[in-house]
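Hi,

Here is the structure I promised to pass on. Have a look at it first, and my notes on what turned up follow below.

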Amino acid sequence: MPTTREAVLAALHSRLQPLAALVLRDEVLPERIPEAGLIILRDGQPGEPEVTLSPLRYYYQHRAELEVVVQAPSGRASAFDSLIAAVGAALHADRTFGGLCDWVEPEAPASVDLPIEGAAALKAAVITVVLHYTTSSPLA
């Protein structure tokens, strides 16, 4: 049985799978970016939990990251904006991942254009997704 942390991260990953972009988890940036874009989920850090003692519960605000990348010779800003909007819609459809999480809260992306010599430029951003969840143990 997976830990709560892993179950929540797997739910985040599966929530993004229906998107047109290729969705990977903890992979290196591939040489080629698919036409529909690329999203790489980085597990991030659970941080220090708040703890209650009766009953013993650990309340995490886990900060996972989504690396969102689009490459296109033209219309890059529009394609990027559409992909970001699709990510937002996927996350807002069920902000508790069916009860696995107390709450899922994406933060606003800060995008950057990256020129590539001899190829179309990349437009990319990191979206931090704060996953609020509770466990009975830091290892559960």
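Let me start with a definition: two rings of Phe, Tyr or Trp (its six-membered ring) pair if their centres lie within 6.5 Å, and the pair is stacked with planes under 30 degrees apart, edge-to-face over 60 and tilted for the rest. By that rule, searching the whole structure turns up one aromatic pair.

Some housekeeping: this is a predicted model, in which local features need pLDDT of at least 70 and side-chain atom pairs count only at pLDDT 80 or more, while totals for chains, interfaces and linings use all residues. Numbering starts from 1 along each chain as its sequence is written, and side-chain values use heavy atoms, with hydrogens and water left out.

Now the overall layout. The chain has two helices and seven strands, taken as DSSP runs numbered from the N terminus (helices are H or I with at least four residues, strands E with at least two). Their order from the N terminus is α-β-β-β-β-α-β-β-β. The C-alpha trace spans about 60 × 25 × 25 Å along its principal axes.

Helix 1 covers residues 4–16, and its 13 residues reach 19 Å from first C-alpha to last. That is close to the 18 Å expected at 1.5 Å a residue, where the expected span is 1.5 Å times one less than the number of residues. Its buried residues are Ala 7, Val 8, Leu 9, Ala 11, Leu 12 and Leu 16. Among the elements covering them are strand 2 (38–45), strand 4 (56–71), helix 2 (76–92) and strand 7 (119–135).

Next, the nonpolar cores, which are sets of buried Ala, Val, Leu, Ile, Met, Phe, Trp, Tyr and Cys residues joined through side-chain atoms within 4.5 Å. The largest has 30 residues, and Leu 12, Leu 16, Ile 39, Leu 66 and Leu 131 touch the most other members. Helix 1, strand 2, strand 4, helix 2 and strand 7 each give two or more residues to this core. There is also a second, separate core of six residues, including Ile 33, Leu 38, Ile 40 and Leu 122. Leu 16 is in contact (heavy atoms within 4.5 Å) with Val 23, Ile 39, Leu 66, Val 87 and Ala 90, leaving out residues up to four places away in sequence.

Thr 135 sits in strand 7 and counts as buried because its relative accessibility is 4%. Its side chain reaches the backbone oxygen of Ser 137 at 2.8 Å. Beyond four places in sequence, Thr 135 touches residues including Thr 4, Leu 56 and Ala 140.

Leu 56, in strand 4, is partly exposed because its relative accessible area is 35%. Leu 56 and Arg 76 are 20 residues apart in sequence, yet 49 Å apart in space, C-alpha to C-alpha.

Ser 111 of strand 6 (residues 110–116) contacts both Phe 80 and Lys 123, along with Ala 124 and Ala 125, neighbours within four places aside.

Cheers

Methods: Buried < 20%, exposed > 50% of the residue type's maximum accessible area, 1.4 Å probe, protein only. Polar contact = N/O pair within 3.5 Å; in protein donor to acceptor, adjacent residues only side chain to side chain.
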